[in-house]
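Hello,

Here is the structure you asked about. Please open it alongside this email, then read the notes below.

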Amino acid sequence: MKRRIMTAVLAITVAGSAFAAGHADKAIQGAIKARQGQMQLYSHNLGILGAMAKGEVEYDAAAASAAANNLKAVANLDAMTLWPQGSDMDSAENTRAKAEIWTTFPAVIENSKAMSDAANAMADAAGKDLASLQAAMGPVGGACGSCHKAFRGK
């Protein structure tokens, strides 16, 4: 009888562990998808702004303001839940996030602050005129690049 009880306890423990592991993996994949969505929103709005800045499309103050305000909103999200430990490219699928993100997290916070500051400045500049939009593009691109160069794998 004791053996059956121990076997049952062991089976429940193993099943519970498998459920917890499956739930953790689902949470990790959800965080990865959410942060990829955030990056797609950056890309979409920067595409609008960049096309205007390069002269590929005519400058439109209202459209520039809308894209810049979207960029600002995305850059100022509290995205801490999108970066759980174990959601790097060495530990999970479908991501290019390097494990260094978690060992040098203060640098990630600094880069995030730089992006927020650049997006805020873009929101202030984009609707003024083309020259203001163009001037604000450099700091936004620099903020994106500084994080991607250090923390995004191939």
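**Asn94 and its loop**

Asn94 lies in the loop between H2 and helix H3 (100–103). Helices here are DSSP runs (H or I, at least four residues), numbered from the N terminus. This is a predicted model, where local features need pLDDT of at least 70, side-chain atom pairs count only at pLDDT 80 or more, and totals for chains, interfaces and linings use all residues. Residues are numbered from 1 along each chain as its sequence is written, and side-chain values use heavy atoms, with hydrogens and water left out.

Asn94 is not a glycine, yet has a positive phi of about 65°. Most residues other than glycine have a negative phi. Asn94 is also exposed, at 55% relative accessible area. (Exposed means over 50%, buried under 20%, partly exposed in between, with a 1.4 Å probe and protein chains only.)

Gln85 sits in the loop between H2 and H3. Gln85 is exposed too, with a relative accessible area of 62%. Leaving out residues up to four places away in sequence, Gln85 touches Ile28 and Trp102. Contact means heavy atoms within 4.5 Å. Gln85 and Trp102 are 17 residues apart in sequence, and their C-alpha atoms are 6.9 Å apart.

Asn45 is in helix H1. Asn45 is buried, at 3% relative accessibility. Beyond its neighbours within four places in sequence, Asn45 contacts Ala67, Asn70 and Leu71.

H2 has 15 residues and spans 21 Å from first C-alpha to last, close to the 21 Å expected at 1.5 Å a residue. (The expected span is 1.5 Å times one less than the number of residues.) Its buried residues are Ala64, Ala67, Ala68, Leu71, Val74 and Ala75. They lie on the same side of H2, because they cover an arc of only 120° around the axis. The arc is taken from the directions from the helix axis to the C-beta atoms.

**The largest pocket**

The largest pocket holds about 880 Å³ of space. A pocket is an open set of points on a 1 Å grid over the protein atoms alone, where a 1.4 Å probe fits, with protein on both sides within 12 Å along at least five of seven lines; lining residues have an atom within 4 Å of a point. Volume is the space filled by probe spheres set on the points, which are joined across faces, edges and corners.

Of the 32 lining residues, Gln38, Met39, Tyr42, Trp83 and Cys147 are the closest to the centre. H4 gives the largest share of the lining, eight residues.

Best wishes

Terms used. Helices (H or I, at least four residues) and strands (E, at least two) are DSSP runs, numbered from the N terminus.
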